[in-house]
Structure formats: C-alpha cells, structure tokens
Amino acid sequence: MSAVDGYAPQMLSPAVENLVAQLTRLPGIGSRTAQRLAFHILQASKPEAQALAEAIHEVKERVRFCRECGNLTEEEVCAICRDARRDRTLICVVEQPADLISIERTAEFRGLYHVLGGALSPIDGVDPADLRIAELVTRVAAGVSRRSEYLKM
Ligand SMILES: [Zn+2]
C-alpha cells in the first residue's frame with residue numbers, strides 16, 4: 001500500500017481535491033491514479049509543477065487544427081500539408097490526430113491525411129455535420145484523385 005491509499009477526498013484541501021477532480025477527467029485516470037499524480041505534483045519542485053502547468057497552457061494557446069487536413073499544428077497549415085514531397089493524389093482519412101501519428105511512425109504512407117475529428121456515433125449524437133466530412137468532399141473535389149493503392153501496414 002502506498003501513502004496515497006486510504007486518503008478519502010474529503011481529507012484533502014479544496015485545492016488538492018480540485019486537482020484530483022481535474023486529473024480524474026483525463027482518459028484512463030481513475031481516482032486512485034489521480035490522487036497519486038496529485039501527490040506527485042505536490043512533491044515536485046515549484047518550477048517542475050509550473051512547467052507542467054505551462055505546457056498545458058501553451059498547448060491550448062498555440063496548437064490549432066490545420067486548415068487543410070485537421071491535423072494539430074502551430075501554423076495555419078501543418079508540416080505534412082506543406083511538404084512538397086508528399087503524394088497529393090492520396091488522402092488517408094483518419095479519426096483523430098493520434099491515428100495520423102501512428103501511421104506516420106510506420107513511414108510507409110507518403111500521401112496526405114484528412115482528420116475527421118471523431119467517428120459517427122448516433123448514440124452519442126455525433127452525426128456527419130459534427131465531423132470534417134464536408135471539408136473532405138471539398139478537398140477531393142478540388143483535385144485529389146483516388147488511386148487503387150492500399151496502405152501496407
Ligand atoms: Zn495539414
């Protein structure tokens with residue numbers, strides 16, 4: 001048992017309770033892990049904790065979606081879309097920027113991407129209008145042709 005175990009949320013100060021609550025909202029973070037992370041942050045030096053807070057702040061200030069493909073970027077258009085060596089006759093449609101990163105790691109795909117920003121889910125109220133489908137249609141209509149080439153993964 002670690003020192004964190006056994007701490008009921010009401011035993012924590014409101015500020016720590018708030019930090020735990022915020023951390024619990026992250027995917028895959030349960031209340032126990034959130035408490036462990038909160039205690040880690042509390043024990044870290046002030047500059048270290050501030051660096052974490054600033055990284056979160058900066059990412060929200062600087063990172064946006066690429067105007068062309070919806071990838072994450074700090075520019076108007078992402079590095080992949082700007083890269084003249086990419087095959088502009090191929091578009092790989094992905095759900096999230098994380099999927100694009102996975103494919104880029106394979107170094108097998110030299111085309112462009114289109115990030116939908118989610119998946120259709122009528123149960124969750126996600127319909128085509130919530131995804132970047134209209135933008136994809138516009139891009140394809142603007143001249144990216146389909147090729148019967150499959151991505152080897
Ligand atoms: Zn892009």
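Leucine 136 counts as partly exposed because 18 C-beta neighbours lie inside 10 Å, where buried requires 20 or more other C-beta atoms within 10 Å, exposed 12 or fewer, and partly exposed falls in between, with C-beta atoms placed from the backbone. This is a predicted model, in which local features need pLDDT of at least 70 and side-chain atom pairs count only at pLDDT 80 or more, while totals for chains, interfaces and linings use all residues. Residues are numbered from 1 along each chain as its sequence is written.

Leucine 136 belongs to helix α6 (residues 133-141), helices being DSSP runs of H or I with at least four residues and strands runs of E with at least two, numbered from the N terminus. Leaving aside residues up to four places away in sequence, leucine 136 touches Val93 and His114, contact meaning C-beta atoms, placed from the backbone, within 7 Å. Cysteine 69, 67 residues from leucine 136 in sequence, is 8.1 Å from it in space, C-alpha to C-alpha.

Strand β3 (residues 87-94) pairs with strand β4 (residues 111-115) in the parallel sense over five bridges, pairing requiring at least two DSSP bridges. Within this pair, valine 94 stands opposite valine 115 of β4, and valine 94 touches Asp99, Leu100, Tyr113 and Val115, again not counting residues up to four places away in sequence.

Val94, Leu100, Tyr113 and Val115 are among the nine residues of the largest nonpolar core, which also includes Cys66, Cys69 and Cys78; such a core is a set of buried Ala, Val, Leu, Ile, Met, Phe, Trp, Tyr and Cys residues joined through C-beta atoms within 7 Å. Strand β4 gives the most to this core, with three residues.

Conventions:
Contact = placed C-beta atoms within 7 Å.
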